[in-house]
Amino acid sequence: MSTRVLIADDHAMVREGLFRFLSLSEDLEPVGAAADGQQAVELARALRPDLVLMDLLMPVLDGVSATAAIRRELPGVEVMALSGYLEPQLIADALHAGAVGYLLKDTDADELHRAVRAAAAGQVQLSPAVAARLVHDVRVPAGPAPLTRREEEVLVLLARGRANGQIARELHIAPQTVKTHVSNILQKLGASSRTQAALYAMRAGLIPMNAPS
């Protein structure tokens with residue numbers, strides 16, 4: 001089954017280039033292209049893609065606001081930021097708005113292809129430079145409720161970009177059990193998203209920042 005992708009970028013050449021790139025893949029299907037954040041929201045409503053590749057600095061409605069609107073209204077549609085800017089506040093705003101990941105525009109083609117498919121499945125995706133920039137700003141709770149051994153195992157796999165179904169298969173537990181563990185982990189860490197939990201795992205030394213997936 002193809003992963004359906006909506007592209008949002010205010011530069012026509014970038015939109016066209018991404019559209020052509022995605023069209024070359026047998027398992028990725030570009031379904032539309034938006035020139036600003038408002039168009040991205042409207043097209044997401046109409047097309048219900050699996051993933052929106054979202055530029056952040058766009059006219060009419062910026063990409064962060066568009067991400068928040070899509071995630072609020074269409075929780076089944078994932079959003080991944082694709083930006084040329086490595087600014088901590090912009091990255092933090094995008095992730096806080098609900099983006100499942102943040103890739104830089106210099107990401108190579110093979111990595112972009114892999115990340116698009118993974119992000120559409122809800123897996124955390126961060127360019128190494130983004131993770132390195134963010135991890136030092138993540139608040140490590142002074143006295144967080146201790147994680148159980150199983151919760152720590154789930155957190156490590158989550159931080160390595162695994163989706164709930166993959167975690168369930170690797171740990172030989174039910175998907176609903178994984179969902180419960182993830183909810184407990186977020187509550188104990190005071191994290192609002194899987195991405196924040198993944199960054200916490202890196203900061204706490206549970207996995208290295210450049211850990212292979």
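Which exposed residues does the face of α1 turned away from its buried side carry? They are M13 and R20. The views below come from a predicted model.

**View 1. Helix α1 and its two faces.** Helix α1 spans residues 12-23, 12 residues in total. From first C-alpha to last, α1 reaches 16 Å, close to the 16 Å expected at 1.5 Å a residue. Its buried residues are R15, L18 and L22. Seen down the axis of α1, these buried residues fall within an arc of 70 degrees, so they line one face of the helix.

**View 2. The largest nonpolar core.** This core has 52 residues. V52, M54, L56, I70, Y102 and L126 have the most contacts inside it. Helix α10 (residues 194-203) gives the most to this core, with six residues. In soluble globular proteins, nonpolar side chains tend to be buried together.

**View 3. Around L56.** Neighbours within four places in sequence are left aside here. L56 is then in contact with D62, G63, V64, A81, S83, L90, A94 and Y102.

**View 4. A second core.** A separate core holds 15 residues. Among them are V5, L103, A115 and A119.

**View 5. Helices α7 and α9.** The axes of α7 (residues 149-159) and α9 (residues 175-189) come within 10 Å. They cross at roughly 90 degrees. The two helices are therefore roughly perpendicular to each other. On the α7 side, R150, E151, V154, L155 and L158 take part in the meeting. On the α9 side, their partners are H181, V182, N184, I185, K188 and L189.

Notes: Residues are numbered from 1 along each chain as its sequence is written. This is a predicted model: local features need pLDDT of at least 70, side-chain atom pairs count only at pLDDT 80 or more; totals for chains, interfaces and linings use all residues. Side-chain values use heavy atoms; hydrogens and water are left out. Helices (H or I, at least four residues) and strands (E, at least two) are DSSP runs, numbered from the N terminus. The expected span of a helix is 1.5 Å times one less than its number of residues. Buried means under 20% relative accessible area, exposed over 50%, partly exposed in between (1.4 Å probe, protein chains only). The arc is that of the directions from the helix axis to the C-beta atoms. A nonpolar core is a set of buried Ala, Val, Leu, Ile, Met, Phe, Trp, Tyr and Cys residues joined through side-chain atoms within 4.5 Å. Contact means heavy atoms within 4.5 Å. Axes are lines fitted to C-alpha atoms, for helices over the stretch in contact, and angles run from 0 to 180 degrees between N-to-C directions. Angles under 35 degrees count as roughly parallel, over 145 as roughly antiparallel, 65 to 115 as roughly perpendicular and the rest as oblique.
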